[in-house]
Amino acid sequence: MAKALPRNADVAAQFELLADLLEIEGEPSFRVLAYRRAAQRMRETAGSVAQLALNGRAKNLSGIGKTIEEKIVQIVDDGEIHALAKRKATIPSDVVLFMRLPGLGPKTAARIWRELGVATLEDLKAAAEAQRLRSLAGLGAKTEERILKALAAEATAQPFRPLLGEGLPRVLAVVEALREHAGADLVSEAGSVRRRKETFRDLDIIATAADPAGLVDHFTRLAWVVEVAAKGDTKATVLSQEGFRFDLRVVPPESYGNLLQHFTGSKEHNVALREAAVRRGLSVSEYGVQDVESGDVFRTRSEEELYAHLGYEYIPPELRENAGELEAARRGELPALVEVGDLRGDLHAHSTWSDGRDSLEEMVLAAQARGYAYFAVCDHSHRLRDARLEAQWEAIDALNARLAPFRILRGIEVSIRADGSLDVADETLARCEWVMASLHASFDTSPTERVLAAMENPHVDCIGHLTARKINRRPPTEVSVERVIEAAVATGTFLEINSQPDRLDLRDVHARLAGEAGVPVVVNTDAHEVAALGWMEIGIGQARRAWLTKEQILNTRPWREIERSLER
DNA sequence: GCCGTTTTCGGCCCGACTGTTTTCAGTCG
């Protein structure tokens, strides 16, 4: 059997480290930048870059050329980029960590190591305490202080980023609160949360106001603010009860569009946008678009006008990751992204019949109140053996009779066992109207083969939370998403975007790959309580980040149509 | 090291902030 290929994240990490080490060595920054961009591209590529490199096709990815492709092959063959192994032998591993400290970059890190002989974080702490760093020109007492503070914080630092599902409702509520303030004009969330990225570092808000200082003041006095970290006339940073950082920036109305675009990012999108603009004689900044020749500056209140001025159709925030959206927008070929309002049902939810917290009736009524036409109750199979399953179906029938034409589907979520078999008999599955199959245990045991086996079962309609990751808690299984997508095409099985905030599984790039392969994606909440039905919002955000249209999302279709496609 | 709606060579986003400086390099987003 062929040896397993390295994962994209691991390949990217080697290039990232190589970039760091080269930078410490003082290599030309553009070469370093090229490695960093390539690493970023790899992380956002859904298919295996190692496989692409072996086929000589990795250089089709933008930012990856012949040299980097060869280095990827080195990783496959020898486990490590040759140039990386060489540098690791000469530069102490901790020196790279110096660069991670705020205010320290590669230049300073290199000088601390070379000129003071400081090679570990421990040595660095000692040198700062002994006030030896200030012997270097350009470093002073402030720098030593900052390093010591950062090293102390490092020890207690939380490595994880908070979840979109936690931050989004909070930031939207704050946006609403600011809009209600008499002095506020335009207010919007910005940054990664506006792009609906799965996690965030801080929550950004952009606003215009007749009286900026008044709005900033109002912001810092909102009831939930526990600490004001910074406050000026036009911006402030505050901390909330949950420990989230909120940044408010009040900007001039005439360039609101420019600023909102700038502060929405992503950084990579903005860099690519500006590079393309430079080639056309335009200099883009948050303050406006300057025609280099004439000196004219274009400012606008509207992002739509800004993109139009630069020659693009409007690019929705979820697509702004420099993943092909600029080229597509230039040609006017962006997809019309799916919206929450397009959904007609939720095809994966639980009730007190298994581990849910709200009753079947409560869940169903809440789903109906959301405007859905159908709802699949998919309680866990191991909690619903034979007689109980029959009893649940009776309860479903009674509700259906009462609520028609609203339709409750007899669903089930079966577990894929370690040997790839399902934990419910085929005869029972045959009587269900909607079958989800998911990995719930033994994640390290041949996940790909087990999922493929489940898909071969004609009763299985959809694979739930494919990689079984829990953001910040459990890494994704090593399931081959590409092979699963191939099998989904072959067997007519659907794939889920699970909207639980810590799952969001499929992740964006994988869902995009599924869409490109023609696999209909089902956006489900996997709700275990009524309130969780609202997670659809972030699941749809994930679908939009995957470039998916209404047509590519199964549960935008009427149930009758879905039912027909199940009779394959 | 990558890349091309003038380029296969000669460029490579833009501005703010900070600390330690008398004019700026380094860092950050």
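Which residues come nearest to DNA strand B? Of the 38 residues around DNA strand B, the nearest are Gly63, Gly65, Gly105, Gly140 and Glu275. Please keep in mind that this is a predicted model.

Now, where does that surface come from? At least two residues each are supplied by helices H2 (29–43), H4 (66–78), H7 (106–116), H9 (141–156) and H14 (267–279), and by strand E6 (282–285). Sorted by class, the surface near DNA strand B holds 16 nonpolar, 12 polar and 10 charged residues.

And what does the protein meet on the DNA side? Looking at the atoms of DNA strand B within 4 Å of the protein, 77% are sugar or phosphate atoms, and the rest belong to bases.

Start with Gly63: one of its backbone N or O atoms sits 2.5 Å from a phosphate oxygen of DNA strand B.

Before I stop, a quick look at helix H17, residues 360–369. Its buried residues are Leu360, Met363, Val364, Ala366 and Ala367. Viewed down the axis of H17, these buried residues fall within an arc of 165 degrees, so they line one face of the helix. Just after H17, Gly371 adopts a positive phi of about 95 degrees.

Terms used:
Residues are numbered from 1 along each chain as its sequence is written. Chains are lettered from A and ligands numbered from 1 in the order in which they are written. This is a predicted model: local features need pLDDT of at least 70, side-chain atom pairs count only at pLDDT 80 or more; totals for chains, interfaces and linings use all residues. Side-chain values use heavy atoms; hydrogens and water are left out. Buried means under 20% relative accessible area, exposed over 50%, partly exposed in between (1.4 Å probe, protein chains only). Helices (H or I, at least four residues) and strands (E, at least two) are DSSP runs, numbered from the N terminus. The arc is that of the directions from the helix axis to the C-beta atoms. A residue is near a molecule or strand if one of its heavy atoms lies within 4 Å of it. A polar contact is a pair of N or O atoms within 3.5 Å; within protein, one must be able to donate a hydrogen and the other to accept it, and residues adjacent in sequence count only if both atoms are side-chain atoms. Ala, Val, Leu, Ile, Met, Phe, Trp, Tyr, Cys and Pro count as nonpolar, Asp, Glu, Lys and Arg as charged, and the others, Gly among them, as polar.
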